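The exercises below are meant to be worked with the sequence and the model side by side. Try each task before reading its solution.

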Amino acid sequence: MDRNSNAYTFLFVVLLIAVVASALALTATALQPEQAENVKNEKMQNILGTVGIEVARDSAQIPFDKYIVERIALDSKGQERNDVDAFTVDLKKELKKDVEEQAFPLYVADIEGAKYYIVPLRGKGLWDAIWGYIALKDDVNTIKGAVFDHKAETPGLGAEITQTWFRKRFDDEKIFDDAGNFIGVSVAKGYQGGDNKDDNAIDAISGATITGDGVTDMISERLINYLPYFKNNTNVKVASN
Amino acid sequence: MAENKNINKKEDLILFLSDTDEREGLLGKKNRKLLADPFTDNNPITVQVLGICSALAITVQLKPAIVMSIAVMAVMAFSNMIISMLRNLIPSRIRIIVQLVVVAALVILVDQILRAYAYDVSKELSVFVGLIITNCIVMGRLEAFALGNGVYKSFLDGIGNAAGYAFILILVAFFRELLGAGKLLGMEVIPQSFYDAGYVNNGLMLLSPMALITVGIIIWIQRSRNRTLIEQN
């Protein structure tokens, strides 16, 4: 058959596509369970990381079941929803819905009698999505710990938000100001506050201003949805704003 | 006629080795040259100036540069082999598309396998794995070498060029991470006493332009040592 004829070209393309497509589909399907397992374990590992329990990804299940005593899905009014499992809520899809229809997952951890509320976060960095988890102590004001991750931030700059030294800056920061207004935590460029834990701000990463702003926004935009629940279900006075 | 048939049969048997391979041995002089040349006088980055885009993006730290090098090597070796096997079947009018499909398929395979069995590495590389598809070196070697050479030679050419690419990538990443962050592979290597004495990490090294300048300096050094590489006009 003439290699330059149209018929040969079409035949070649059809065969090539069939082979490539089936090979890829086969691999994707075969590897899907392992991949899903990795993602699930990483989620549990991250959630535990916010409350100071560092575990290997593969062995996250047991401590997760032990310490995370409640997982609740809330609606925008702070009422519990029974129709969804908090752990399976995909924030990427959830954020595209109207606020009234969204489910807000909340994890409650109990570590040797101390109670922590863990809130999943998701927002925008410089290049793509950033996400994370933030744990609040039972005063619903002081941060116990935070974990961040990203899809495509610049290595050495924005990608540093995943590093422990950056995460540690959030420890013991407050999300309310002295008057009880909700502020969140701002990742501040040119921060001069040193170790001040009451100014609702931490030092940013130089060269990663937009990623840092993304972290600031993600914390305040997500946490504000949980205020109604905290107001009704904890004995802490939460000013509404 | 009978003789002719025999020759054909022999050719089938040595599909993977061209006649010259047989005469030379697996790592004969010419084959060694395929592996070694890309390191020096025919380096894909510093001489052919291909693959600059990814050299900018992933040389901020040493670790992603190393992992990226390995991934590129796997993709180049296999795509060169596959295209070389198909070289007498591919219709020449659509050869670029065919090359793209093969490279893209291999890259997706690498990505899927990393995600299942080396999850941390796949997170480390994130989007850059996908960007291997656009790496000019891969397409360049398919077009310039694999379409006209035997499977084994193409395999060596892929490994050789990927190694030449890896060498520059790792060199640039070494200097950028060392001078930019004072670290190597994420570990602090510059002693605290330097910082106490007033040494400061150069944040500019972490930004993309410094990758170009570092590559430029490597090209300068290479050409001053080997003047035959300097263009005459």
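This is a predicted model: local features need pLDDT of at least 70, side-chain atom pairs count only at pLDDT 80 or more; totals for chains, interfaces and linings use all residues.

**Exercise 1. Annotated spans of chain A**

Which residues of chain A does the UniProt annotation "signal peptide" cover?

Residues are numbered from 1 along each chain as its sequence is written, chains are lettered from A and ligands numbered from 1 in the order in which they are written, and side-chain values use heavy atoms, with hydrogens and water left out.

Step 1. According to UniProt, in an unreviewed entry, the annotation "signal peptide" covers residues 1-25 of chain A; UniProt positions are given in the numbering used here, feature names are shortened, and annotations may be inferred rather than shown by experiment.

Step 2. In the model, the end C-alpha atoms of residues 1-25 of chain A lie 31 Å apart, and the span is 80% helix and 0% strand, where helices (H or I, at least four residues) and strands (E, at least two) are DSSP runs numbered from the N terminus.

Step 3. UniProt also lists, again in an unreviewed entry, residues 125-226 of chain A for "domain: FMN-binding". The end C-alpha atoms of residues 125-226 of chain A lie 22 Å apart, with 20% of the span in helix and 22% in strand.

**Exercise 2. An aromatic pair**

Describe the geometry of the rings of Phe148(A) and Phe170(A), and explain why the pair counts as tilted.

Step 1. Over all chains, a search of the whole structure finds 15 aromatic pairs; rings of Phe, Tyr and Trp (its six-membered ring) pair if their centres lie within 6.5 Å, and planes under 30 degrees apart count as stacked, over 60 as edge-to-face and the rest as tilted.

Step 2. The ring centres of Phe148(A) and Phe170(A) are 5.0 Å apart and the planes stand at 55°, so the pair is tilted.

Step 3. Phe148(A) belongs to strand 6 of chain A and Phe170(A) to the loop between helix 4 and strand 7 of chain A, so that the pair links distant parts of the chain, 22 residues apart.

Step 4. Phe148(A) is buried at a relative accessible area of 2%, and Phe170(A) is buried at 0%.

**Exercise 3. Helix packing in chain B**

Describe how helix 3 and helix 10 of chain B meet, and which residues make the contact.

Step 1. Chain B contains 12 helices and two strands, and 43% of its 233 residues count as buried.

Step 2. The axes of helix 3 (residues 29-36) and helix 10 (residues 151-181) of chain B come within 7 Å and cross at roughly 30°; axes are lines fitted to C-alpha atoms, for helices over the stretch in contact, and angles run from 0 to 180 degrees between N-to-C directions.

Step 3. Helix 3 of chain B contributes Asn31(B), Leu34(B) and Leu35(B), and helix 10 of chain B contributes residues including Tyr152(B), Leu156(B) and Asp157(B), contact meaning heavy atoms within 4.5 Å.

Step 4. Arg141(B), in helix 9 (residues 136-144) of chain B, is buried with a relative accessible area of 12%. Leaving out residues up to four places away in sequence, Arg141(B) touches Gln48(B), Met76(B), Asn80(B), Ala146(B), Asp157(B) and Asn161(B).

How values were computed: Buried means under 20% relative accessible area, exposed over 50%, partly exposed in between (1.4 Å probe, protein chains only).
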